[in-house]
Every structure is written in structure tokens, then in C-alpha cells.
Amino acid sequence: QVQVVESGGGLVQAGGSLRLSCVASGSIASIKRMAWYRQAPGKPRELVARITFDGSTNYADSVKGRFTISRDNAQNTVVLQLDSLKPEDTAVYYCNAEVSSPPIGSLYYDYWGQGTRVTVSS
């Protein structure tokens, strides 16, 4: 079993900052990629940012220059720093991890957290 748990959401004024954290735990041999998605009311879930094991990153155009994703491979954690927040960033943010469980060489599967809510007031 693999668990993915997010933390750090909350209410912030436009222009403010938040820091979201996510930790994966359980039966983990390796994590290929970790990512943050978000889902606003009435909209589909969308990719915000992702980071591979070697540190390569991708960002949605809407958050480039404002959000920063980082990862601690030893701790199986990923952090999303949200700066210059806008009301349109309001959403539930989900952490996703692509995980292989023991033994080494097993297939990778996607695991999701329960989400953490970010609300940005204007």
C-alpha cells in the first residue's frame, strides 16, 4: 500500500503566498515522478506542475514564474511554492506520485492524495 498526503492549503489574499507539501509513504521502491494537479469548481482537473526523479520540471502556462515545484527524493516529498496568488488559483490541489513498489523493477502506478483546498480572495 502507498499513501499520499498533502498539507498546507488555506485562505490567502491575492498577491500572497502558500506552501503545499506532499509526502508519499508505504511500500515504495522508487518514485519516478511527482506532480501537483488542481481542480476548480465546475472545471476538470488540470496539471499544475510536475517533477521527475532527476529534477526535470514542467509547469502549466498559467503558473509559470509564480509557482515552484521541488522534491526531496530521500524523504519522498514534493513541495509546491505558490507565490503571487490570484483568485483564479482557487482550487483543490492534489498530489500525484508515480510509484513502484518492491521488488525493484515492478511496474509503476499512480497514487493520489485527498487534496488540499486553496482559496485566494480578491
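**Figure 1. Ser70 has Val79 as its bridge partner in strand S8.** This is a predicted model, in which local features need pLDDT of at least 70 and side-chain atom pairs count only at pLDDT 80 or more, whereas totals for chains, interfaces and linings use all residues. Residues are numbered from 1 along each chain as its sequence is written, and side-chain values use heavy atoms, with hydrogens and water left out. Strands are DSSP runs of E with at least two residues, and helices are runs of H or I with at least four; both are numbered from the N terminus. S7 and S8 run antiparallel and share 6 bridges. Two strands count as paired if DSSP finds at least two bridges between them. The hairpin of S7 and S8 has 4 residues between its strands. Asn76 takes a positive phi there, near 55°.

**Figure 2. Strand S8 is mostly covered.** Of its 6 residues, 6 are buried. Buried means under 20% relative accessible area, exposed means over 50%, and partly exposed lies in between (1.4 Å probe, protein chains only). In a regular strand the side chains alternate between the two faces of the sheet. Thr77, Val79 and Gln81 point one way from S8. Val78, Leu80 and Leu82 point the other way. S8 also pairs with S3, antiparallel, through 6 bridges. There, Ser21 has Val79 as its bridge partner in S8.

**Figure 3. A disulfide joins Cys22 to Cys95.** The structure holds 1 disulfide. The term covers a pair of cysteine sulfur atoms within 2.5 Å; here the S to S distance is 2.0 Å. Cys22 sits in strand S3 (residues 18–26) and Cys95 in strand S9 (residues 91–100), so the bond links distant parts of the chain, 73 residues apart. The torsion about the S-S bond is about -80°, so the disulfide is left-handed. Cys22 counts as buried because its relative accessibility is 1%. Cys95, at 0%, counts as buried too.

**Figure 4. Leu20 and Val78 sit 58 residues apart along the chain.** Their C-alpha atoms are separated by 8.4 Å. Leu20 belongs to strand S3. With 0% relative accessibility, Leu20 counts as buried. Beyond residues up to four places away in sequence, Leu20 touches a set of residues including Gly8, Trp36, Val78, Tyr93 and Val118. Contact means heavy atoms within 4.5 Å. Val78 has its own set beyond four places in sequence, among them Leu20, Met34, Ile51, Ile69 and Cys95.

**Figure 5. The largest nonpolar core has 30 residues.** Such a core is a set of buried Ala, Val, Leu, Ile, Met, Phe, Trp, Tyr and Cys residues joined through side-chain atoms within 4.5 Å. Met34, Trp36, Val48, Phe67, Val78, Leu80 and Tyr93 have the most contacts inside the core. The elements giving two or more residues to it are strand S1 (2–7), S3, S4, strand S5 (46–52), strand S7 (67–72), S8, S9 and strand S11 (116–121). S9 gives the largest share, 5 residues.

**Figure 6. Arg38 forms salt bridges with Glu46 and Asp89.** Side chains of opposite charge can pair when their charged atoms come close. A salt bridge here is a side-chain nitrogen of Lys or Arg within 4 Å of a carboxyl oxygen of Asp or Glu. The N to O distance is 2.7 Å for Glu46 and Arg38. It is 2.9 Å for Asp89 and Arg38. Asp89 lies in the loop between strand S8 (77–82) and S9, and Arg38 in strand S4 (residues 30–39), 51 residues apart. Arg38 is buried, at 6% relative accessibility. Asp89 is buried as well, at 1%. Glu46, at 35%, is partly exposed.

**Figure 7. Lys64 and Asp61 meet in a salt bridge.** The N to O distance is 3.1 Å. Both residues are exposed. Elsewhere, salt bridges that share partners join Lys32, Arg33, Glu98 and Asp110 into one network. The structure has 7 salt bridges by this rule.

**Figure 8. The side chain of Ser100 reaches the backbone oxygen of Ser106.** The distance is 3.1 Å. Ser100 lies in strand S9 and is buried, with a relative accessible area of 2%. Leaving aside neighbours within four places in sequence, Ser100 contacts Ser27, Ile28, Ala29, Ser30, Ser106, Leu107 and Tyr108.

Key: Polar contact = N/O pair within 3.5 Å; in protein donor to acceptor, adjacent residues only side chain to side chain.
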